[in-house]
Amino acid sequence: MLPLTPPDADATPGGFGLYVHWPFCASKCPYCDFNSHVREGVDQARWRAAMLREMDHFAARVPAGRRLSSVFFGGGTPSLMPPETVAAVLERADHHWGIGDGVEVTLEANPTSSEAARFAGFRAAGVNRLSMGIQALNDADLKVLGRKHSAPEAMAAIAMAKGIFDRFSFDLIYARPGQTVAAWQDELSRALDMAVGHLSLYQLTIEEGTQFHTLQQRGDLVVPDEDLAGDLYEATQVLLNQAGMPAYEVSNHARPGQESRHNLVYWRYGDYVGIGPGAHGRLTLKGEKVATRTHRAPEIWLQRVEEGGTGAHADEVVTPDQRGREALMMGLRLAEGVSLARLTAEAGGVNPVDMAAVDRLSRHGLLTLDGDRLTATADGRQRLNGVLAALLE
Amino acid sequence: MNAPPTPRLRRDAGHPMVAGIFPDRPVMTDLSHIRNFSIIAHIDHGKSTLADRLIQYCGGLDAREMREQVLDSMDIERERGITIKAQTVRLNYKADDGQTYQLNLMDTPGHVDFAYEVSRSLAACEGSLLVVDASQGVEAQTLANVYQAIDHNHEIVPVLNKIDLPAAEPDRIKQQIEDVIGLDASDAVMISAKTGLNIKDVLEAIVKRLPPPKGELDAPLKALVVDSWYDPYLGVVILVRVVDGELKVGQKIRMMATGAAKEADRVGHFTPKAVQSGRLGPGEMGFITAGIKDIRETKVGDTITEDRRPAAEPLEGFKPSVPVVFCGLFPTDAAEFEHLRESLGKLALNDASFQFEAETSAALGFGFRCGFLGLLHLEIIQERLEREFNLDLITTAPSVIYKMHMTDKSVIDMHNPADMPDPIRIDHIDEPWIRATIMLPDEYLGGILALCTERRGQQIDLTYVGGRAMLVYKLPLNEVVFDFYDRLKSISRGYASFDYQMDGYETGDLVKMSILVNAEPVDALSTIVHRSQAEHRGRLLCERLKELIPRQLFKIAVQASIGSRVIARETISAMRKDVLAKCYGGDISRKRKLLDKQKEGKKRMRQFGEVEIPQSAFIAALKMGDG
């Protein structure tokens with residue numbers, strides 16, 4: 001088991017995070033199915049005010065006394081936010097829930113030169129961790145992926161971020177069209193030379209509603225098949241283990257202690273407030289787990305916040321049954337695994353896991369059960385969909 | 001006519017045949033003015049269209065009531081262009097000689113599976129029209145049926161249809177009829193049923209060239225039960241051909257085979273509308289009802305006589321039809337089992353040749369083992385269940401009846417591989433053979449010969465007539481039920497026609513081939529095969545399953561075996577990578593719902609040891625086995 005990140009100030013299992021969704025991008029990437037929109041001329045003052053107002057709305061709902069373990073600015077492209085907006089959001093979050101020294105504040109950034117110019121401003125606003133969408137280290141693939149930056153720009157941005165932030169991470173996408181294992185190993189080695197404590201390495205997934213999906217349906221885009229994807233994934237694990245950055249989650253690697261605390265809130269099935277268009281939240285209110293969700297369209301969200309204080313849809317109560325499954329589904333993504341007692345508590349006193357299946361899958365080397373702790377092995381994580389299906393009879 | 005709604009008399013809701021609305025004046029038709037005939041034709045050669053034209057010409061239906069192929073009342077008959085059940089229709093035709101004749105058309109099925117129905121229909125008639133497509137020529141099924149008609153001493157009038165088409169070669173086809181069948185085709189009637197050309201010539205030929213029936217009005221009643229079916233309103237309706245005597249409403253009748261006595265409450269004929277004329281005289285065809293609720297009380301081929309004055313001897317009956325092909329039918333959704341049982345029961349009401357009994361399979365759950373007259377019969381029942389009863393079915397590989405000669409001298413009939421006795425107790429196994437006739441353009445001969453050889457065929461005859469080859473082969477039936485039709489069609493690009501008759505049993509080196517996944521046998525996939533075919537068949541099935549069974553968390557061995565000996569093996573490697581790359585706060589609900597859906601999907605999986613096999617894999621694997 002990995003050493004856990006510093007004890008949460010918040011007493012609820014899994015911690016308590018704040019997610020801020022900035023929905024705007026300079027352009028839409030062909031693989032991205034996130035809630036992102038290209039808009040000319042965003043009224044920054046209105047948006048800033050709306051973000052703060054929706055935070056106030058949720059703050060009034062969250063029981064008093066909760067303390068943040070992390071804040072995350074995601075998107076869209078939050079590095080397009082004016083640093084003043086970031087500062088204002090953090091100031092208000094501090095007011096509601098307290099942002100102490102140990103609290104991780106991450107902002108997602110694109111490595112174009114104009115955005116890199118704002119890094120110092122973000123740091124001054126209170127951001128202490130930068131997560132950069134590098135995606136590839138060669139210009140040809142960056143072009144295929146629809147990215148607006150070049151490889152030299154990416155490397156310059158990484159160098160700049162290193163000088164400003166103690167903690168920073170970047171993302172790469174692999175299993176690209178035509179990618180070979182050797183090419184990926186080479187690219188990954190170069191990435192490791194630049195990485196400090198954290199790397200996110202995602203297999204390219206073709207999501208419905210994206211341009212890549214359309215191309216794939218037409219036969220104009222061919223991505224590596226399951227076997228090649230498996231080879232690429234396994235090669236990734238070997239290199240990252242050698243580099244001392246093992247996977248602490250399916251697609252996330254860190255030196256011990258450098259894990260993303262905010263994302264751990266999700267995987268440990270903690271609570272989080274989500275503000276901004278299309279943001280999701282999970283809150284424990286009067287013993288019930290409630291899923292929150294805001295309107296995805298930026299203009300409608302903005303209007304609703306201005307008129308009623310929030311762009312949120314009606315809450316959905318997550319039933320104990322669903323909680324057990326969600327906690328298992330998220331927890332097994334982590335190398336640290338999940339506690340059966342915790343799963344049982346989430347599921348309202350019933351263990352949601354088929355223990356006969358645990359036995360069977362353990363024999364096949366896909367799971368380990370150590371006392372109360374159920375963990376998917378590296379082999380098991382690589383096939384987690386099948387493992388989960390088998391566990392939930 | 002504005003008749004009140006009345007129950008339909010025909011078994012399936014179809015064309016306007018309404019009972020009881022034309023109380024007709026009993027008219028005696030003297031025997032010399034009656035002609036009973038059937039039409040023999042290959043599928044698509046125009047039999048139903050010709051029947052339509054004849055009905056239209058004689059005014060049986062007006063233009064509004066007329067629709068395509070009025071005699072094929074089941075949707076499935078009309079769509080596939082085949083006739084499954086026999087029907088009759090009475091036509092009143094005023095001939096050139098000024099006399100009016102009663103023509104009774106007996107519409108017969110054309111397919112080998114329904115040869116039994118053909119023979120019943122032919123027995124009720126004195127003559128046949130042999131309809132041949134003027135460009136396609138004689139086909140295998142035509143041949144089989146025309147020989148049956150000759151066996152029944154029928155007078156046969158050749159009719160060349162579709163002579164209006166540019167590809168028509170009437171002279172060549174006439175020559176072929178003479179060469180292949182040995183019939184004089186010089187005065188064949190040349191028609192186009194589609195355009196209505198020369199329909200009157202057909203009617204004249206029926207009157208002039210076919211003999212009238214023979215019979216005695218004063219003799220004790222003898223009427224042949226040609227067919228019967230269940231009508232939800234009227235009970236059992238019996239189709240009869242009166243030979244001697246008179247059948248009247250109110251008459252007390254007796255079924256000679258079963259001895260049951262009933263009162264005839266409706267007597268009439270079809271025009272094709274049901275007309276209650278109240279009586280049927282010698283030589284006439286028509287229907288009766290007698291308050292019978294169970295179709296099994298009316299044995300087809302039985303003789304109806306008068307209870308008060310019975311005939312001394314019954315008419316010569318028919319050989320009962322027996323199922324020769326068997327398979328399991330299982331509902332895809334286990335909850336549909338009762339619905340399937342009821343549906344099979346309803347179909348059996350009108351199809352005495354169809355048998356079923358409950359069966360349980362580890363792979364497929366609860367279902368029924370069913371017996372059919374042939375592959376087309378199987379396909380039709382399956383299709384009717386799916387369409388008319390809205391059932392989603394899995395069909396196991398068709399099997400034939402094997403005679404297991406045991407070491408203790410007993411003989412067991414077996415058609416389900418699951419019932420295979422311990423091989424140690426078996427002395428030898430006999431399997432059914434058929435005598436098949438295949439007609440085809442000779443450019444495909446090589447391929448078809450190879451197919452027949454591959455299927456253990458023994459060539460009996462090969463002749464060439466009119467640019468076509470006629471092949472006669474002896475083949476084991478179990479090789480034919482295994483995708484033979486499909487192969488025949490694909491090798492000949494659809495130009496070969498095929499017909500067969502049963503040809504007795506012979507000892508064969510037969511073994512039970514089992515399919516195992518990770519050493520667990522999958523009952524639904526086991527088959528009885530000839531030892532020489534086992535390895536090939538086993539390899540094919542294993543390869544197919546390898547494609548069909550999705551990768552799982554661990555490696556799966558798919559094996560075909562005879563006893564403990566593995567004859568084919570494929571390995572399905574373990575799933576390499578199957579995990580969501582990204583799963584963050586916003587994804588939780590969505591991904592959980594995906595997982596819930598996956599869990600739901602597992603209900604459609606069958607567990608064999610640790611291996612889960614989707615039902616769709618069985619369905620697809622079993623498809624390769626049916627015709």
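Analyst: Two strands pair if DSSP finds at least two bridges between them. This is a predicted model, in which local features need pLDDT of at least 70 and side-chain atom pairs count only at pLDDT 80 or more, while totals for chains, interfaces and linings use all residues. Residues are numbered from 1 along each chain, chains are lettered from A and ligands numbered from 1 in the order written, and side-chain values use heavy atoms, without hydrogens and water.

User: What makes β18 and β19 of chain B a pair?

Analyst: β18(B) and β19(B), residues 365–372, share seven bridges in the antiparallel sense. The requirement is at least two bridges, so seven are enough for pairing. In one of these bridges Q355(B) has G371(B) as its partner in β19(B).

User: Which sheet holds these two strands, and where are its edges?

Analyst: They belong to an open sheet of four strands in chain B, ordered β18-β19-β17-β20 with antiparallel pairing. Its edge strands are β18 (355–361) and β20 (393–395), each of which pairs on one side only. Neighbouring strands here are turned by 30 degrees against each other on average, direction ignored.

User: How do you know that helix α7 of chain B packs on that sheet?

Analyst: By contact, meaning heavy atoms within 4.5 Å. Helix α7(B), residues 337–349, touches β17 (325–331), β18, β19 and β20 of chain B, and its direction makes about 15 degrees with that of β19(B). Helix α8(B), residues 375–388, lies across β17, β19 and β20 of chain B and runs at about 165 degrees to β20(B). Such angles run from 0 to 180 degrees between N-to-C directions, with axes fitted to C-alpha atoms.

User: Which strands are called the edges of the eight-strand sheet in chain B, and what makes them edges?

Analyst: That open sheet has the order β11-β10-β16-β7-β8-β15-β12-β13, with antiparallel pairing. The edges are β11 (261–263) and β13 (274–275) of chain B, as each pairs on one side only. Further in, β10(B), residues 252–255, and β16(B), residues 303–306, pair in the antiparallel sense over three bridges. R254(B) stands opposite T305(B) in β16(B).

User: Why are helices α1 and α2 of chain A called roughly parallel?

Analyst: The axes of α1(A), residues 44–61, and α2(A), residues 83–97, come within 10 Å and cross at roughly 15 degrees. Angles under 35 degrees count as roughly parallel, over 145 as roughly antiparallel, 65 to 115 as roughly perpendicular and the rest as oblique. The crossing angle therefore makes α1(A) roughly parallel to α2(A).

User: Which residues form that contact, and how do they divide by class?

Analyst: On the α1(A) side the list includes M51(A), L52(A) and F58(A), and on the α2(A) side it includes A88(A), V89(A) and W97(A). The contact has nine nonpolar, three polar and four charged residues. Nonpolar covers Ala, Val, Leu, Ile, Met, Phe, Trp, Tyr, Cys and Pro, charged covers Asp, Glu, Lys and Arg, and polar takes the others, Gly among them.

User: What makes α7 and α9 of chain A roughly parallel or roughly perpendicular?

Analyst: The axes of α7(A), residues 181–194, and α9(A), residues 226–242, come within 10 Å and cross at roughly 30 degrees. That angle makes α7(A) roughly parallel to α9(A). The contact involves W184(A), L188(A) and L192(A) of α7(A), among others, and includes L228(A), L232(A) and L239(A) of α9(A). By class it has nine nonpolar, three polar and one charged residues.

User: How many helices and strands does each chain have?

Analyst: Chain A comes to 16 helices and 15 strands, and chain B has 14 helices and 33 strands. Helices (H or I, at least four residues) and strands (E, at least two) are DSSP runs, numbered from the N terminus. Buried residues make up 58% of the 393 residues in chain A and 60% of the 627 residues in chain B.

Terms used: Buried means under 20% relative accessible area, exposed over 50%, partly exposed in between (1.4 Å probe, protein chains only).
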